[in-house]
Each structure stands twice: as C-alpha cells, then as structure tokens.
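Q: I'm new to this one. Can you walk me through it, starting with the charged pairs?

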Amino acid sequence: MKRIAVVISQGQSANPAKRQLEEDIIGGLLMEPGIDVVVIPHLYDLKPDGTGLLALQGIKGNMIVLSWLYERGARWTLDRFGICGHEGLTTIKAADDDEEENEEVSVDGEPAEAKQRVIESRELPNRKIYCIDLRVHAAAQLYIDEVKRIARENSMQLVGLDDWIGGTPKPEQLARFRAPTNDTALGPPVEIKSTSPEPDSAPHSALRIPQSDESARRWYPVIDYSRCTNCMECIDFCLFGVYGVDKVETILVEQPDNCRKGCPACSRVCPENAIIFPQHKTPTIAGAPVVAGSLKIDLSKLFGAPETGETAEQAAIRERDEQLLLAGRQAVGASVGLPKRHSADTDEPKDELDSLIDALDNF
C-alpha cells in the first residue's frame, strides 16, 4: 500500500496550546491508513549528528512537514540539512498569502528581468516535500484534513520505520533512533496497530525523537536557492566566516554556528531576498512571502528598520558593526574577568551590547 511520511516538528517551548495542537494532530493521524508519523524536536534547532536529523534524512519518499515556521523557512531549513525535493503545494495558507501574486519585482517595484537562479542548476530528488505552517490555524482538524488530502493525491510507497535509516549512522545513533531512552512532553514512543488492517497495509506507527537530544536553540541563515542568483553579496558582507562556496562555486552556509545570535544583517543586503532567518521577529526576514504583483514595493524599505528609519543597507551595516563591537568587548571582558551577561533565549543583540558596555564603564 502506498504510504507517506508526516513529520511533526515540535515548538521550542512547552506552550500548552502548541503541545495540545501537536498532540491532537498526531492522534488524528495515527489510525489513518498509509500515513507514518514522526515527531521531532524543533526543525531549526536540529543538530547535524542528532537523532532527529537522522530520522529526516532516512525518509526517501514524499514528505509532509508541519512546523512552527513559515513555509519558505521550513523548506530551506530542510534543504540546508540536505533534505531536498520539489515543492509540494498545500491549501493551508496565511490570510496574506491569498492575495500574493507571483510576479517578480525589482527594488523600484517594476517587473524584474529574468535571472539565473541557483535552483535551476540543481538536480532534485524525484519527490515532493510539503511544508505546512502550524501557526495559521488553531484547529487540529484543518491540518488533519489537509494531510489526508495530500496523502490521497500524492503519496508514494515508503518502507517501514526501521528501514528509513540511510547512510552510515553511528551505533549509538542507531540505538537512540530505534529505542529512545527518555520521553518528551508529548509522551513516550508509540506504536499502534490497526484493529482490522488491510492485507497490503503495514501497522500504523509513530516515532518520537526525544526533545532533550536536540533542545538547544540555534541561530543561522538558510538560503532560498529558488531566489538566489549566486551574486556573493552575502559572503562579501559577512565578516564572521558564515558563508563559503562548494566545488562548483555556489554560495552556501558553511559555518552556521559562526553566525552572531540575533544578527540578520546579511539578509538585508541580499538583493533577491534569498537569505532567511526563520526565527527573526520580522516576517520578511523569517521567510514570509514578499508581497508582489501590481504593488510597487521598495524592498530596501521593506527590509529596513522602521523603528529607526534606516534603509536595509544602513540597518545591515549597523547590525554587523554592533556584532563586531560586541565580539571585541566580549573578548576584552573575558581577558579581564568580567562576568558574561548573556541570555540563551534572547534574539536582541542590542540589549546584550548595552549590558557589556555598562559593565565595562563600571569596571
């Protein structure tokens, strides 16, 4: 029987409403024929050698991913991890998306000339990946119905959960994948068998990856290669060694953990809006669609800093320089024994910078 994988990416916090929505969706899908459910920690926070990423990389067929991210942010975060495929279309859209047109615009709002995009030179696996934003609706049934619709229309044969693992995983990774040793807020691993399975159907099952394995929050850019023209503006602008190029001289995020937490400066200077920071508070930087069509949009203003009246370029230069200053002051503070004042959950570098300046002034 044809099957499809449905991945539920948990929220970063233990918000009861989010957890309940996740659990309701999981419960509503477990008994559905042809659907295998996998629950992973937050997609953006997955570690390169973690169990959650191992599970995702082992799924070879069509995939539906429900996460607390914009569709673009989720799709290109997956791509960053090497999980690629053709974009699957979903009917679940935010209200603003319904009015969006696909006509491309330049900085002055006029139709842009055709440009060569990186994705046009890439070979993608023959499968579809559907990304659904869990923030659009509060009702689980809407997501359940959409997953069932996709499963009916565009599912493909998948293998059992134990056979999803590809590559050469380490023995300890394989053991954690098959038998997680601790439970998540959603409960222990679950395997449910249908009371009257069809002769050609496999048992219904769900795989839950422990949250504690991959819970530390991360901060790094992801590149939307459907927009990227490989202009290299980002690698020229960034001074922290985040970007690099591959063997065919295509831009990539080479050292993601070099990125300074809270700094989205490179996304502001990208002329194609191809750089996404999925956790940023500004929707256009976090991966929301850019309103196009007949409207005349000045992208420099759209990606600027309205609170300060800066253009995108001015804001980017300021943010980059703040991070350089912060890095220098942190190094000085460490050398003279100043206490480190940093909150792991903050995404506002300016507050941390002010704290360090105050500490140095009082030293």
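Q: Which residue does Arg-135 form a salt bridge with?
A: Arg-135 pairs with Asp-133, and their closest N and O atoms are 3.0 Å apart. A salt bridge here is a side-chain nitrogen of Lys or Arg within 4 Å of a carboxyl oxygen of Asp or Glu. This is a predicted model, where local features need pLDDT of at least 70 and side-chain atom pairs count only at pLDDT 80 or more, while totals for chains, interfaces and linings use all residues. Residues are numbered from 1 along each chain as its sequence is written, and side-chain values use heavy atoms, with hydrogens and water left out.

Q: Why would such side chains pair?
A: Side chains of opposite charge can pair when their charged atoms come close.

Q: Is Asp-133 buried or exposed?
A: Asp-133 is buried, at 7% relative accessible area. Arg-135 is partly exposed, at 42%. Buried means under 20% relative accessible area, exposed over 50%, and partly exposed in between (1.4 Å probe, protein chains only).

Q: How many salt bridges are there by this rule?
A: The count comes to 15.

Q: What about Glu-153, which residue does it form a salt bridge with?
A: Glu-153 meets Arg-149, with 2.9 Å between the closest N and O atoms. Both residues sit in helix α4 (residues 140-154), four residues apart, about one turn of the helix. Helices (H or I, at least four residues) and strands (E, at least two) are DSSP runs, numbered from the N terminus. Glu-153 counts as exposed, at 58% relative accessibility.

Q: And where do Asp-257 and Arg-218 lie?
A: Asp-257 is in the loop between β10 (251-253) and α7 (265-269), and Arg-218 is in the loop between β7 (205-208) and β8 (222-223), so the pair ties together parts that are 39 residues apart in sequence. Their side chains meet in a salt bridge of 3.1 Å, N to O. Asp-257 is exposed at 56% relative accessible area, whereas Arg-218 is buried at 13%.

Q: Which residues do salt bridges with shared partners join into one network?
A: Arg-72, Asp-224 and Arg-227.

Q: Changing topic: how many cavities of 30 Å³ or more does the structure hold?
A: Five. On a 1 Å grid over the protein atoms alone, a cavity is a set of points where a 1.4 Å probe fits but cannot get out, and lining residues have an atom within 4 Å of a point.

Q: What's in the lining of the largest cavity?
A: The lining divides into 11 nonpolar residues, no polar and two charged.

Note on methods: 1 Å grid on protein atoms, 1.4 Å probe; cavity = no way out; pocket = protein on both sides within 12 Å on 5 of 7 lines; lining within 4 Å. Points joined across faces, edges and corners; volume = space filled by probe spheres on them. Nonpolar A, V, L, I, M, F, W, Y, C, P; charged D, E, K, R; others polar.
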